[in-house]
Every structure is written in C-alpha cells, then in structure tokens.
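The sequence and the structure are shown first.

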Amino acid sequence: MEWANDGKSKGGVLAHLERLEIQVNRSHKNLEDPQRAQAVEHALRTKIHKLRCLRDELRSKVKRRQARVRASIANEEPDQTQEISEQEVAERRRRQENVKAILQAYRFTGLSGKLTSRGVCVCISTAFEGNLLDSYFIDLVLQKPLWIHHHSIPIFIPLEEISAKYLQTNIQRFLFCLCEYLNAYAGRKYQADRLQSDFAAYLARPLQRNPLCNLLSFTYKVKLRGQLFLFCARLLYKDLTTTLPTDVTITYPETDALPPSWEEQRASHENLFFTKPLHQVFTSFARKGEKLDVTRV
Amino acid sequence: MDETVAEFFKRTILKIPMTEMMTILKAWDFLSEKQLQNVNFQQRKESLVQDLVLLCEKRASVHDAALLDIVYTQFHRHRKVWDVFQMSKGPGEDIDLFDMEQFKSSFKKILQRALKNVMVSFRDAEENAVWIRIAWGTQYRKPNQYKPVYVVYYSQTPYAFTSSCPLRSNIPLLGQALTVASNHHKIVKMDLRSRYLDSLKAIVFKQYNQTFETYNSTTPLQEKSLELDIHMDSRIIHENRIEKERVQRVTQETFGDYSQPRLEFAQYKLETKFKSDFNGDILAERKEPLRCLIKFSSPHLLEALKSLAPAGIADAPLSPLLTCIPNKGMNYFKIKDK
C-alpha cells in the first residue's frame, strides 16, 4: 500500500478500501458455503464414477461381441476354405496336366520347340507313312549372329551347308529344309529296315546300304511258273529330299540271256521300284501270290 | 601253314589277355562253337596258344590272322594314339552315293598300284564304320605284319582316324587312297590327337553334348545349386557363397552338365614377343619372338579343366584357349603375335 502516491493511485484511499471490502466478502462467501462446495465436489465425484462404470460396461460389451463374431467366423469358414482349396488344387493340377500334355503333343506336328535360357531348343520329329520315327534336336542361341549350340543331327546330313545358306537370313526356311532332309532320310531308312526285317526271306544275300540310305543294293528271288530267278537291284536316291529312288537298275546276274517273258517282268519291277516305297513293292510281290520257296537257291 | 604266318598267329594270340580270350575269339568268328568248346581254356597260356595255333593251321590264312589282329585292336584301341584327318569335297560336287564295296576295292587298288607289297584288310564295325589294317612292305620285302597302320573311316562323313604310322613316308599315299576311294577332293590332318578314339569321334562329330530341353523329358532338369553343400552342416558358414555360386554357374555354362570327351593333353606352341611390365627388362627388348612350349597333361584333361575353378585353383571363366578345345576340335595350338 502506497500512501505516497496521492493523486496517481486509482481512486485514492476510498477505492482501495472498496477493494479490500470485496476481498473480504469473497473469503466470507467461501467460509459461508463449505457444504455447498463439498456437495458440488461430491456430485462431480459420483458423476465421474458413474461414467467410469458405464465406460467399463461398454468396453466389456464390445469385447464380448467381438469374441462372438470371431467365433462365428471361425466356426463357419473352416469347412468352406477347405473345400475351395481342394477343388482349386485339383482344378489347377488338371489344367497344368492338360497344358503339359498339349505341349508334349506338339511333337506330333513334326516341328516343335522349347524356350531355353539362351534361345530355343527345336525338336524335329520325323515320320513316314503315319509312323512316328526318330526325333532330332537343335539348340539355337538367339544372338546376332544366330548360332547352333549343340545338336543331335547325324553327321551325314548336310547341316553345315543348310546353315550357311539359310540360318542367318531365313530361319523358317532353315528349319523346313532341315525337316525335309531328315524326314526323307527317316523314310528311306524305314524302307530299308522293313526290307531287312520283314522280307529277309526274299533276299539271296544281305541288303547293302550306306548311312544316308541313298544307295541300296540287293539280290532278290523271283518265281514265275515254277522257275526261280535272281534279280540284282540297285537303287540310287540322288535327291536327298525324297523317299523314292531317282535311279533303278535291275540286272540279271547270270551270263545267259534272260528269256523275253522275264524281260517284261524285269522292266515292270524296275517301274515298281520307281513308283512305290520299297517295302510296299515286296508286299505286293507277296500278295500277288508269287510265293517263293524260302529254301536257299 | 607258312612258318611266318604261324608265328604271326602265335604272337597275335599271345597278346590277348586270358580274361578276354573267349570274347575275342568269338568276335573273330573264325573258329566254330564246337571247336572252341573242345579247347581247354583252363590250361597255361603257352599251351593254350599252341592248341589254338594248331586249330588254325588247317585252314587259316594270313588274312584271317590280320582280322584277328583287327579284333584285338578294336578291343584295345586305347593302346594306339589316333590322329584325325578331315576330307573335303570340291564345290558343287554330286551327292555322295557311297558304296562300301566300291570304296574297299578302290582303296585297296590305289595302294597296291603304288606299292608292290602291301596287305590291306577290312572289318566292318558299328555305326557304318570300317576298320582298315594296312601292313606295309617294300619292293623286295613282304609286308611287315608287326607294324601295321589302322584306319577307322566313318562312311559318308569327311573324317578318318589313323593310328600313328611308323613309316611316315607312306602317309601321303594313305591320304590319297582314302580321299579318292571316298569321293573326296582334299585331305588335311587336324590338330587333334588322343588315345581315346571314341572321344575323338564325339568331338569331331559334335556328339559330346546330347542333353536337350524338351517337354517330354521324363527326368526334369535339376538345377544344380550349392544349396545341398551349404545346408549339410549348420555349423559351417560359407563366407563366399555368392562368389562360389557365380563360379559354379560360369563353369556350368562353359562345360555343360555332360561328361567331357577324354583327352590326355593340350599343347600350346608360343611364338610371341615377351610382354613385361618392367621397363628396361632384358627379355622385353628382344625383337625376335620367344619360343615356348606349354603342355597340359592329365588322365582326363577336360574334366580336370572343368574342376579348376570350382576347386579355387583358377579364376572363372577360364581362358578361352583352354575352353575352346572340344568346340574347335583341336588340342595342338600355335600362337603367334597378331
């Protein structure tokens, strides 16, 4: 309290006294209603308690509901998911097998392939008269320039020539050309094998053949009107892309001349070998009833 | 039978080990089953040989003895060192209509026209191959049966394999006979030599790698990885796993998964200038190239090279000079400065 500032303090002494009065009144008020304050306090306390109880109740309710929901889900789904998985797995497996089978079946088209890490592995499957024969592989590296990594093509097929001509410029032509050569080789080989195995009885001595099966030489027995003759046949396949010979020579090994009726036979046989596959010619011999005595000549 | 022929028989049969005697005699196909049954194979070798020579004496000729020699050599082909010859046709020549009988008669005629005393024998083998045995004589001496040359020719291919010829002067004639008889134009000796005839064949025919990726393979391609090694013992930690896997991968790419053809050596003849990092090195100052011969020997050279990088002895990838051997079909190299 500053008595010193007379004119400058707010209102002076009277105002100051007023202020003091107000202060006293306030403290009296507090002293007068302790119960009221307490009552208010008590009310607030109970409210807090109530709210807390409500909160806990609600919390437990939520928890219970969640548990129920989870339980119900757990009870329902196990059966359903199991069924789906089994079905799906079986379906997937079936589809996979199907695709695998299709990919494997591509072999029957004659030309198929599988991608490799560096290019493609081409498979050429040969066939003759509906019979599936050997398969040959070429592993190509797809780089510039294209090159052959390794292959299973027989050494006597002119792979180098064909590659030199077509590999870099026209890969389709390269593969088709190779297919042609391999199929023709397989066909010729098939005919020679059939002759050796199925018609061995007709041959007077073993069939002579070369690796490419493009030169076949054999002596076979022919019977007509009780007479048995031997014919020497020499078949040349100068075109390596065909399965029929380009040159046929049938000779009569004996020094005496061939009777004229036999000359006809000889000529007709020559014609047969030109036009029909080898084993089919011999089948026709067998069918025509030119039954041969299988005893040695 | 001539004494010399009997001696030739005796020496040839003596070469055959007892364990193989029956097999080789059967393959020879000269003595009948009955005759072989009557022979006592349990006796000592010398007496057995005498019995066999007596059996052959009646109707065997020197040619039959030569055939027996061929059979023995076929069973023991690794006893000879084989060279490889490559023939070529002229441009635009006709299709090869190979006739084995024609080849044999032509080959024989060419040799016999050039040399008076020469004995040629043939024996057909598997895969369209023919084994030819040539015993050389001179104008005044009969063929020497104890130093023959063998030629293995695969028909309708440009390749022939010959055992080392003791009389080097006859090699050009041999080459000529082969070339003309098989309808080829030129013949060249390849820089490839080994005892293992089948490996040489696999190399030049490019048949050493016959694994192909298809959808039809019954055995799925198994990815080789180091996983097995690493997980064998959990107490072992591989610090260089990544590097090891890289080396494995590179080795697999270079050498493949197949078994390598068998060679015993690789020889590099260097004629290069000496390269040195040091300035003023005496050798580096030489103007002439340094001559040097490096030879790698091994019971199985290519498998040994394949195992170098995985074993940690060499860096991967290996030098192309080493890895190109089967691909180029060479194991003799001449390296000059470019």
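Across the interface of chain A and chain B in this predicted model, the rule finds 2 salt bridges. On the chain A side, α2 (34-105), β1 (111-115), β4 (147-151) and β6 (227-236) each supply at least two residues that touch chain B. The area buried between the two chains is about 2,400 Å², and carbon and sulfur atoms give 59% of that area.

**Interface of chains A and B**

- Chain A contributes 26 residues to the contact, and chain B contributes 23 residues.
- A salt bridge joins the side chains of A:K114 and B:E213, with an N to O distance of 3.8 Å.
- Between chain A and chain B, 9 residue pairs are in polar contact, both residues being at pLDDT 80 or more.

**Salt bridges**

- Over all chains, the count of salt bridges comes to 28.
- Side chains of opposite charge can pair when their charged atoms come close.
- In helix α5 (residues 260-275) of chain A, A:R266 and A:E263 lie 3 residues apart, about one turn of the helix. Their closest N and O atoms are 2.9 Å apart, in a salt bridge. A:R266 is buried at a relative accessible area of 17%, whereas A:E263 is partly exposed at 34%.
- A:D56 and A:R55 form a salt bridge with closest N and O atoms 3.4 Å apart. A:D56 is partly exposed, at 38% relative accessible area, and A:R55 is partly exposed, at 41%.
- The side chains of A:K238 and A:D247 meet in a salt bridge of 3.7 Å, N to O. A:K238 counts as partly exposed at 41% relative accessibility, and A:D247 is partly exposed at 27%.
- A network of salt bridges links A:E91, A:R94 and A:R95.

- A:T126 belongs to strand β2 (residues 119-128) of chain A and counts as buried, because its relative accessibility is 0%.
- A polar atom of the A:T126 side chain lies 2.7 Å from the backbone oxygen of A:D134.
- Beyond its neighbours within four places in sequence, A:T126 is in contact with residues including A:L132, A:Y136, A:L182, A:N183 and A:A186.

**Nonpolar surface patch**

- A:V13, A:L14, A:L17 and A:L20 make a nonpolar surface patch of about 380 Å².
- Within this group, A:V13 lies in helix α1 (residues 12-32) of chain A and is partly exposed, with a relative accessible area of 48%.

Methods:
Residues numbered from 1 in each chain as written. Chains lettered and ligands numbered in written order. Predicted model: local features only at pLDDT ≥ 70, side-chain atom pairs only at ≥ 80, totals over all residues. Heavy atoms only, no water. Patch = residues over 30% accessible without salt bridge, like charges linked within 9 Å, V, L, I, M, F, W, Y side chains within 5 Å. Areas by Shrake-Rupley, 256 points an atom, 1.4 Å probe, with all protein chains shown as cover. Salt bridge = Lys/Arg side-chain N within 4 Å of Asp/Glu carboxyl O. Helix = DSSP H or I, 4+ residues; strand = E, 2+ residues; numbered from the N terminus. Buried < 20%, exposed > 50% of the residue type's maximum accessible area, 1.4 Å probe, protein only. Polar contact = N/O pair within 3.5 Å; in protein donor to acceptor, adjacent residues only side chain to side chain. Contact = heavy atoms within 4.5 Å. Buried area = accessible area lost by both parts, 1.4 Å probe.
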